[in-house]
Amino acid sequence: MLAKKIEKRLLLVVVLMIGLHLVVQFIILGTVGTTGPDISRIRTEREAVEMNNKVKTAAINDLQTNAKVVVSVTTEMEMQAKALNYLQDPDQKLFASSR
């Protein structure tokens with residue numbers, strides 16, 4: 001008799017726990033399900049920002065490399081920029097048409 005009471009109470013507790021679990025799952029699903037588009041938008045924005053950062057980082061690295069080349073050319077190799085003497089005006093077309 002005592003065992004049957006314990007079995008009934010355990011069965012009631014198990015059923016209540018399953019019901020509570022289902023209620024909590026529906027609440028979580030409802031909350032997360034409504035924020036799904038927001039999460040997708042935020043991920044897309046983050047990917048765009050990351051891509052922009054990569055482009056800017058590449059540009060910065062390129063400028064740093066160019067600056068290092070200029071410094072090494074002027075200091076280590078002791079090269080200097082010279083003015084160019086043109087035989088022909090560089091803005092003039094090489095083959096002017098007479099038509």
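Student: Is valine 73 buried, partly exposed or exposed?

Tutor: This is a predicted model, and valine 73 has a computed relative accessibility of 26%. Buried means under 20%, and exposed means over 50%. The value of 26% lies in between, so valine 73 counts as partly exposed.

Student: Which residues does valine 73 touch, not counting those up to four places away in sequence?

Tutor: Start with its place: valine 73 is in helix H2. Leave out residues up to four places away in sequence. The contacts of valine 73 are then Glu78 and Met79.

Student: How far apart are the end C-alpha atoms of helix H2?

Tutor: Helix H2 covers residues 36-76, which is 41 residues. At 1.5 Å a residue, helix H2 should span 60 Å. The model agrees, with its end C-alpha atoms at 58 Å.

Student: How many helices and strands does the chain have?

Tutor: Helix H1 takes residues 2-34, and helix H2 takes residues 36-76. Strands number 0. The count of helices is 2.

Student: Which residues make the nonpolar surface patch of about 530 Å²?

Tutor: One of them is valine 13, in helix H1. Valine 13 is partly exposed, because its relative accessibility is 46%. The patch is made by Val13, Met17, Leu20, Val24, Ile28 and Val32.

Student: What share of the chain's residues is buried?

Tutor: The chain has 99 residues. It exposes about 10000 Å², with 65% supplied by carbon and sulfur atoms. Buried residues make up 1%.

Technical notes
Residues numbered from 1 in each chain as written. Predicted model: local features only at pLDDT ≥ 70, side-chain atom pairs only at ≥ 80, totals over all residues. Heavy atoms only, no water. Patch = residues over 30% accessible without salt bridge, like charges linked within 9 Å, V, L, I, M, F, W, Y side chains within 5 Å. Areas by Shrake-Rupley, 256 points an atom, 1.4 Å probe, with all protein chains shown as cover. Salt bridge = Lys/Arg side-chain N within 4 Å of Asp/Glu carboxyl O. Helix = DSSP H or I, 4+ residues; strand = E, 2+ residues; numbered from the N terminus. Buried < 20%, exposed > 50% of the residue type's maximum accessible area, 1.4 Å probe, protein only. Expected span 1.5 Å × (residues − 1). Contact = heavy atoms within 4.5 Å.
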